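Have a look at the picture while I talk, and we'll go through the strands, then the core, then the aromatic rings.

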Amino acid sequence: MINSLNGTLVTSFTLGDLEASPTMSYDGNTLYVGNVNGDYYAINLNTLTQKWWFPLGAGFPLKGFVWEDWNTPGRLYFSTGGNMVWCIQDNGGSASSVWTTAVTAPSTPLPLETLLYVGSSDGKVHQFRLSDGV
């Protein structure tokens, strides 16, 4: 993390290779970051400390960026390599899996009201319920 006023280093974390965009929570208190090894992290932006680490597993690098649910704070939606779309819940000091759904080469998902839309290399846009991924 760099001070945007003078370019000095504020703090740093050893998180591995990052190829997807970090995403800030809607309340501005958390930064979500996923690495190419399938590790997912939450950084507390107030204390500049790691809140939690959630291992997605080898072969599941984060793609694009993460969406947080407007109606359920800490409910996160994202796509990974390994043909998966995920929903996890930020519980504060830890994260838990809510659901996962297989989609061939999924795009970054888009949540709208009660549905999630995901493009795929199969030429289709897939629609899922936010509640259970069906």
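So, strand S3, residues 39-44, and strand S4 pair in the antiparallel sense over six bridges. Two strands count as paired here if DSSP finds at least two bridges between them. The strands themselves are DSSP runs (E, at least two residues), numbered from the N terminus. If you want a spot to look at, find Tyr41, which stands opposite Trp53 in S4.

Before I go on, a word on where this comes from. This is a predicted model, so local features need a pLDDT of at least 70 and side-chain atom pairs count only at pLDDT 80 or more, while totals for chains, interfaces and linings use all residues. Residues are numbered from 1 along each chain as its sequence is written, and side-chain values use heavy atoms, with hydrogens and water left out.

And pLDDT, that's the predictor's confidence in each residue, from 0 to 100. The chain has a mean of 94, and 100% of its residues reach 70 or more.

S3 and S4 belong to an open sheet of four strands, in the order S1-S2-S3-S4, with antiparallel pairing. Strand S1 (23-24) and strand S4 (49-55) are at the edges with a single partner strand each, so one side of each has no neighbour in the sheet.

There's another open sheet, with three strands in the order S9-S10-S11, also paired antiparallel. Its edge strands, S9 (110-112) and S11 (125-129), each pair on one side only.

Okay, the core. By nonpolar core I mean a set of buried Ala, Val, Leu, Ile, Met, Phe, Trp, Tyr and Cys residues joined through side-chain atoms within 4.5 Å. Buried is under 20% relative accessible area, exposed is over 50%, and partly exposed is in between (1.4 Å probe, protein chains only). The largest core has 15 residues, and Tyr40, Trp52, Phe54, Leu76, Phe78 and Ile88 touch the most other members. S3, S4, S5, strand S6 (75-80) and S7 each supply at least two of its residues, with the largest share, three residues, coming from S7. A second, separate core of nine residues includes Tyr77, Val103, Phe128 and Leu130.

How many aromatic pairs does a search of the whole structure find? Nine. Rings of Phe, Tyr and Trp (its six-membered ring) pair if their centres lie within 6.5 Å; planes under 30 degrees apart are stacked, over 60 edge-to-face, and the rest tilted.

Take Tyr32 and Trp52: they're tilted, 6.1 Å centre to centre with 40 degrees between the planes. Tyr32 sits in strand S2 (residues 30-34) and Trp52 in strand S4, so the pair ties together parts 20 residues apart in sequence. Tyr32 is buried at 2% relative accessibility, and Trp52 is buried too, at 3%.

Then Phe60 and Trp86: the centres are 5.6 Å apart and the planes at 80 degrees, so that pair is edge-to-face. Phe60 is partly exposed at 22%, whereas Trp86 is buried at 8%.

And to finish, Tyr32, Tyr40, Trp52, Phe60, Phe78 and Trp86 form one aromatic cluster. That's me done, thanks!
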